[in-house]
Amino acid sequence: MTTTPSSTGSQPAGNDYGTHPGARANGIFKGMSTGAGVLILVTLAAVATFLLVEAWPAFIASPEDLGQEVSFIKPEDGQSLMEIIGYLIYGTVLMSLIALVIATPISIGIALFISHYAPRRLAQTLGYLIDLLAAVPSVVYGLWGVAVLVPFLNPFYQFLADYLGFIPLFAAPESGEIFTGRVAMSAGIVLAIMILPIITAVTREVFLQTPVLHEEAALAMGATRWEMVKMSVFPFARSGMVGATMLGLGRALGETMAVLMIISPGLTLSPYILQPNQHNTVAGYIALQFPEANAMGVSSLVAMGLALFVITLVVNMLARWVVSRRSEFSGAN
Amino acid sequence: MTFKIRVGATATAATVAVLLAACTPTNEAALEASQVESDLAGNLQGAGSSAQEAGMDAWRAAFQSNNPDVNVGYDPVGSGGGIEQFLSGAVPFAGSDGLLSDEEYEIAADRCAGDGGAYHLPMYISPVAVIFNIPGVESLNMDAITIAEIFNGDISSWDDEAIAAQNEGVDLPAQTITVVPRSDSSGTTENFTDYLEQAAGDAWPHEASKEFPATDAQRVGGDGTSAQIDQIRSSEYSVGYADASRSGGLGTAALKVGDEYVPFSPEAAANIVAASPVMDNANGENDLAYAIDRTTTDASAYPLTLVSYHIVCSEYTDPNERELLTEFEKFVASADGQNVAAAAAGSAPLTAELSDRITAIVDEIASN
Amino acid sequence: MSKRIDINNLNVYYSQFLAVEDVSLSIEPKAVTAFIGPSGCGKSTFLRTLNRMHEVIPGGRVEGEVLIDGVDLYGKDVDPVTVRRHVGMVFQRPNPFPTMSIAENVLAGYRLNNKRVSNSDADDLVESSLRGANLWDEVKDRLNKPGSSLSGGQQQRLCIARAIAIKPDILLMDEPCSALDPISTLAIEDLITDLKDQYTIVIVTHNMQQAARVSDTTAFFNIAGTGKPGKLIEMNDTTTMFSTPSEKATEDYISGRFG
């Protein structure tokens with residue numbers, strides 16, 4: 001509390017409350033982080049602009065002209081640009097849904113095991129292993145899928161088709177024989193393995209955040225572990241699980257290589273997930289046609305990419321929204 | 001200290017968009033000519049068909065070792081992309097499995113120096129084999145109609161009468177046929193479907209296309225030749241079509257030409273080109289744009305053959321570019337060039353006549 | 001309904017760490033027994049051994065005996081889950097299930113034992129439990145509202161209602177008023193006095209006045225220093241404990257000289 005006149009004299013403004021030494025670094029950091037934030041927006045805008053500009057010629061061209069110029073667009077066969085986009089979005093969503101239906105319960109099971117059942121050491125090891133799954137390149141999944149998984153699954157598909165074939169989903173090809181496993185179901189299964197890590201990682205984090213108070217409340221009234229999970233963990237984590245699932249869906253929607261290598265593609269709106277030549281994904285189709293496409297063909301493919309971009313954006317925004325709602329009805333009161 | 005973020009952001013967005021659009025992998029480092037051992041020096045860049053990529057790799061390697069100061073690059077972006085780059089002047093030549101349209105001919109006339117427009121030079125000839133996996137059967141005779149009916153799903157079993165009638169003495173199994181086409185866009189598919197469209201008549205109710213049509217056959221597609229071949233190898237009683245050089249170990253079909261059954265061979269493949277007429281809309285007599293005659297009755301020719309061209313200008317203004325290009329193309333058309341491609345890619349060497357004819361055309365370009 | 005607890009030579013461990021050492025005491029039925037003592041003296045840990053909730057924390061284990069009406073809580077055939085259905089617990093901070101309504105919160109424990117509960121039975125149970133927790137009049141018009149919409153004191157009484165809905169033999173309370181304001185605290189204390197007619201109640205508290213007000217018997221726990229185990233110093237009639245404690249440490253603590 002003893003300020004001498006000489007110490008104030010060294011300040012240029014002549015008072016004690018001028019610029020402090022950290023101001024510069026603070027300013028620089030603010031600039032850098034703002035720049036990073038702006039950069040990502042600019043990149044996104046640039047991608048969107050690129051897609052729009054490149055796809056524009058395909059959008060404004062008449063279906064007939066497009067059919068003439070682009071080898072894979074055949075309006076006369078019910079495969080105009082818009083129809084193809086429809087088939088592809090259907091196929092993409094179908095395979096992603098198969099993946100979700102398979103991956104979500106398994107992921108939640110694994111996450112629950114890690115967060116609430118496994119001994120600490122085992123839980124950690126398992127966590128690392130699951131994260132490792134996320135690091136495997138999708139080509140490897142594709143190769144493994146074609147070489148190992150598809151032949152392995154064939155008898156199961158035959159079984160499904162034999163006994164549940166009356167459900168259109170599991171209908172066998174005309175001959176009644178599952179002659180190939182390179183179908184939407186296999187692609188869905190491989191996608192499920194690929195999205196497992198992200199769903200597991202996110203749900204695990206959410207499960208671990210369940211307030212101990214709520215878990216103890218359930219346990220103290222004589223709940224078993226599973227009852228405790230149902231009473232306190234799941235209600236608390238519900239939005240987090242939804243968000244995790246959406247993130248997984250986002251990944252499944254954009255996956256190319258694995259699907260491409262596994263599926264025998266086709267363009268239909270059929271529900272037959274055990275039959276080949278029925279479905280394809282947007283990303284897979286683009287990869288199939290891009291190498292041989294001419295200018296207008298590339299435009300058309302970019303238009304399909306734009307459709308995927310929009311869907312993925314919507315799914316991710318939905319996921320964000322669901323996750324953000326978590327804070328409002330979380331049990332942390 | 002104030003960032004003009006708004007202005008900057010818009011400008012950057014535009015720049016990034018342009019960069020993305022322009023960002024195709026075309027540039028290989030230009031080598032500075034340091035020692036002069038041969039007369040030729042510089043950088044020659046082409047782009048186009050991936051069907052001839054293996055051949056192109058062999059030509060580039062051999063040509064560069066003959067001319068150490070030359071660098072030849074080839075971007076296998078596909079025929080369409082190659083023509084596009086050629087027409088925009090980005091590359092001096094394109095590799096293409098297909099022919100220029102009338103419209104593209106006109107653009108080429110503007111793009112090329114002088115009034116001569118562009119020429120097609122058939123450099124890479126490769127027979128396409130109909131391949132199958134039937135244990136114990138190495139060869140089958142088939143006419144185009146039978147092949148069309150198999151791939152269209154009208155014939156679904158190997159012991160079908162139509163196949164048996166052409167293959168007396170062969171023990172054909174009563175097994176369902178699985179058709180394995182390419183699932184990606186490909187010049188091979190286009191050639192195959194063009195053959196069926198022309199030679200099989202009503203039995204093939206589809207148009208020639210780079211995409212295999214959705215036929216009623218029991219079908220499994222493969223993405224790319226390797227995946228397709230793997231699929232055929234791994235599933236018995238399947239049938240497909242692929243570049244003949246990839247048919248090893250699988251059964252192959254001899255096609256009915258006239259009254260005989262012709263198995264694929266380099267000579268027969270080269271002969272079909274020689275036996276085919278040039279397109280009506282070809283750009284003068286130097287433009288070797290062949291309309292492959294799939295319906296030929298000449299039993300020395302194999303009609304299911306892929307021809308991949310180099311599309312070049314009749315005149316070039318830059319003398320260095322002209323010299324590089326013509327020297328390279330002369331090498332490609334020469335017996336040496338054709339043989340290195342045959343060894344590396346399994347293509348069929350040009351007939352001597354055609355080789356001489358191309359050399360003459362290239363010489364003419366060189367003197368323009 | 002209410003049962004007597006006898007603890008003989010109980011040691012509580014977390015892995016290798018001895019948290020509470022050699023406690024022997026008896027808890028009378030239909031009475032309130034208070035555990036007091038400074039922070040970290042092991043009174044809460046000890047309380048948790050009475051319904052085996054200490055086992056929720058990895059490594060938690062005991063040596064010695066806890067007998068409830070003569071039955072060893074740590075006997076071979078005893079399932080901790082069943083134990084907890086008979087020994088209810090109320091925590092330091094109110095913890096109703098946030099996504100459940102008030103009525104569902106009350107029924108939560110009951111539903112664990114009875115999968116199918118008729119609507120009228122459920123309504124009766126909700127009412128009787130909430131009345132038992134002195135909460136009925138305040139919430140009877142909003143039974144379908146979330147439990148988290150109540151005030152802190154109401155939430156804690158909801159938790160008590162939830163605990164008594166399963167008709168436990170014993171009710172454990174771990175500093176039930178420490179997060180509440182004085183008025184809510186008073187309401188809870190009144191409730192505890194009402195409940196002791198039916199239940200054996202054990203309450204851990206920091207607040208000596210509270211112990212003096214509500215309990216019949218008081219046990220004082222202390223700790224020799226950080227890292228040392230907590231010990232039972234003295235246990236006696238509450239009036240005796242607060243007027244003439246026999247141990248010096250108890251007197252120092254009660255008179256506010258430490259802790």
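I take buried to mean under 20% relative accessible area, exposed over 50%, and partly exposed in between, with a 1.4 Å probe and protein chains only. I worked on a predicted model, where local features need pLDDT of at least 70, side-chain atom pairs count only at pLDDT 80 or more, and totals for chains, interfaces and linings use all residues. Residues are numbered from 1 along each chain as its sequence is written, chains are lettered from A and ligands numbered from 1 in the order in which they are written, and side-chain values use heavy atoms, with hydrogens and water left out.

I began with C:Cys41, which is buried at a relative accessible area of 0%. C:Cys41 is in no disulfide (a pair of cysteine sulfur atoms within 2.5 Å); the nearest cysteine sulfur belongs to C:Cys177, 18 Å away. I then looked up C:Cys177, which counts as buried at 7% relative accessibility. Its closest cysteine sulfur is in C:Cys159, and the 12 Å between them is too far for a bond.

B:Cys112 and B:Cys313 form it, with their sulfur atoms 1.8 Å apart. The pair links distant parts of the chain, 201 residues apart: B:Cys112 sits in the loop between α4 (102-111) and β4 (118-133) of chain B, and B:Cys313 in strand β10 (residues 305-313) of chain B. For the elements I used DSSP runs numbered from the N terminus, helices being H or I of at least four residues and strands E of at least two. The torsion about the S-S bond of B:Cys112 and B:Cys313 is about -70°, so I noted the disulfide as left-handed. Both B:Cys112 and B:Cys313 are buried.

**Entry: chain A**

I noted 12 helices and zero strands in chain A. Its radius of gyration, taken over C-alpha atoms, is 27 Å, well over the 20 Å that the globule rule gives for 333 residues, so chain A is more spread out than a compact globule. That rule is 2.2 Å times the number of residues to the power 0.38. The C-alpha trace of chain A spans about 100 × 65 × 35 Å along its principal axes.

Of the 333 residues in chain A, 48% are buried. I also looked up contacts (heavy atoms within 4.5 Å): among those in chain A with a separation of 6 or more, 75% come from residues 24 or more positions apart.
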